[in-house]
Amino acid sequence: MKSVNELTEVLPALVVFVQVVDKGSFSSAGRELAMPPSSVSRMIDRLEKRLNLLLFTRTTRSLVITEAGQSIYQQALTVISATHSLFSHADSYSDQPTGLLRITAPNTLGKILLTPFLPDFLRNYPEINIDLNLSDQVVNIMQGAYDLALRVTDAPPDNMVARALIPIDYVLVCAKAYGERLPDLPIHLHQHNVFFPNDAQFSGAWRFWQHDTVESVQLTPRLVINTSDAMIDAILQSVGIGLLPTFIANDYLLKGLLQRVLPDWRIENPKPMTAYAITLPSRLLPMKTRVFIDDFMAWLSSKKDVVPTVVPLA
């Protein structure tokens with residue numbers, strides 16, 4: 001049985017160790033933890049001495065985890081997960097939602113859906129503080145110490161709890177000031193500049209539905225764009241027609257900045273996805289996380305009455 005002093009020294013070092021493994025360097029881990037690289041290096045040195053193990057092989061150019069380090073890393077993740085469960089258990093006894101709520105979400109999803117929701121939430125829960133990280137890099141919330149992740153996927157992780165928020169569908173739009181005559185049929189899209197998302201699922205033929213009628217159109221993109229923000233900027237220049245997720249397009253449609261193209265047709269989504277709220281697999285969800293998810297889902301539900309509808313499949 002290790003002494004309390006030894007445990008007090010080892011537990012913080014394990015958190016630093018996990019960050020070094022995840023980030024791949026002392027400097028990157030230091031930036032994540034707001035620590036100088038020298039402090040990170042010293043903590044790893046002390047951890048290696050305390051465990052009597054070599055966790056990394058180090059050169060001037062590389063940092064490689066050892067076999068023993070891999071084993072300790074898995075054990076450290078278990079310790080961190082247990083710590084999250086401990087906090088969740090403690091928070092579940094509180095009648096007043098309080099504390100810091102750490103959230104990670106994709107850039108566009110966060111800007112379009114989360115940031116309009118947050119002001120009222122902060123007013124309603126003055127004891128909750130939000131740390132929001134917007135990044136298109138998929139983050140492991142267990143390793144990153146996040147309470148909640150918003151994620152767009154067709155297969156939420158099996159080892160987490162996933163609550164479906166909204167389906168992700170797509171719509172063709174152009175600027176309200178677009179000067180060309182809009183197409184009446186999908187085949188007429190050949191006469192226009194069409195902007196594609198940089199996504200392999202849209203690189204083949206596009207299928208359009210109108211009741212029992214199906215048309216397939218093979219298009220050549222004039223412009224391929226890898227972010228929705230850049231796609232919106234390009235569309236608003238009035239030189240082409242672009243494909244956007246409906247949750248992004250709807251706000252611009254309501255403001256009169258964009259208009260639907262082929263509004264009586266629905267483009268088939270080759271790979272249907274859903275936006276999920278992802279949390280750790282704990283039976284006792286902290287109240288701060290619980291009220292955030294409940295209020296956010298209620299807010300999304302209330303917005304369904306004011307966003308433009310999409311023509312359903314026959």
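A residue is called buried when its relative accessible area is under 20%, exposed when it is over 50%, and partly exposed in between (1.4 Å probe, protein chains only). The model is predicted, so local features need pLDDT of at least 70 and side-chain atom pairs count only at pLDDT 80 or more, while totals for chains, interfaces and linings use all residues. Residues are numbered from 1 along each chain as its sequence is written, and side-chain values use heavy atoms, leaving out hydrogens and water.

With these terms in hand, the salt bridges come into view. A salt bridge places a side-chain nitrogen of Lys or Arg within 4 Å of a carboxyl oxygen of Asp or Glu, and the structure holds eleven of them. One of these joins Arg 102 to Asp 131, with the closest N and O atoms 3.3 Å apart. This pair links distant parts of the chain, since Arg 102 lies in strand E3 (residues 99-105) and Asp 131 in strand E4 (residues 128-134), 29 residues apart. Asp 131 is partly exposed at 30% relative accessible area, whereas Arg 102 counts as buried at 18%. Helices (H or I, at least four residues) and strands (E, at least two) are DSSP runs, numbered from the N terminus. Within helix H5 (residues 107-124), Arg 123 and Asp 120 sit three residues apart, about one turn of the helix, and their closest N and O atoms are 2.4 Å apart in a salt bridge.

The interior can be visited next. A nonpolar core is a set of buried Ala, Val, Leu, Ile, Met, Phe, Trp, Tyr and Cys residues joined through side-chain atoms within 4.5 Å. The largest such core has 60 residues, and among the members touching the most others are Leu 172, Trp 206 and Phe 208. A second, separate core of 20 residues includes Val 40, Met 43, Leu 47 and Phe 56. Helix H3 (residues 37-51) has Val 40, Met 43 and Leu 47 among its buried residues.

Two strands pair if DSSP finds at least two bridges between them. Three strands form an open, antiparallel sheet in the order E10-E9-E14, with E10 (213-217) and E14 (266-267) as the edge strands. Strand E9 (residues 206-210) pairs with E14 over two bridges, and Phe 208 stands opposite Ile 267 in E14.
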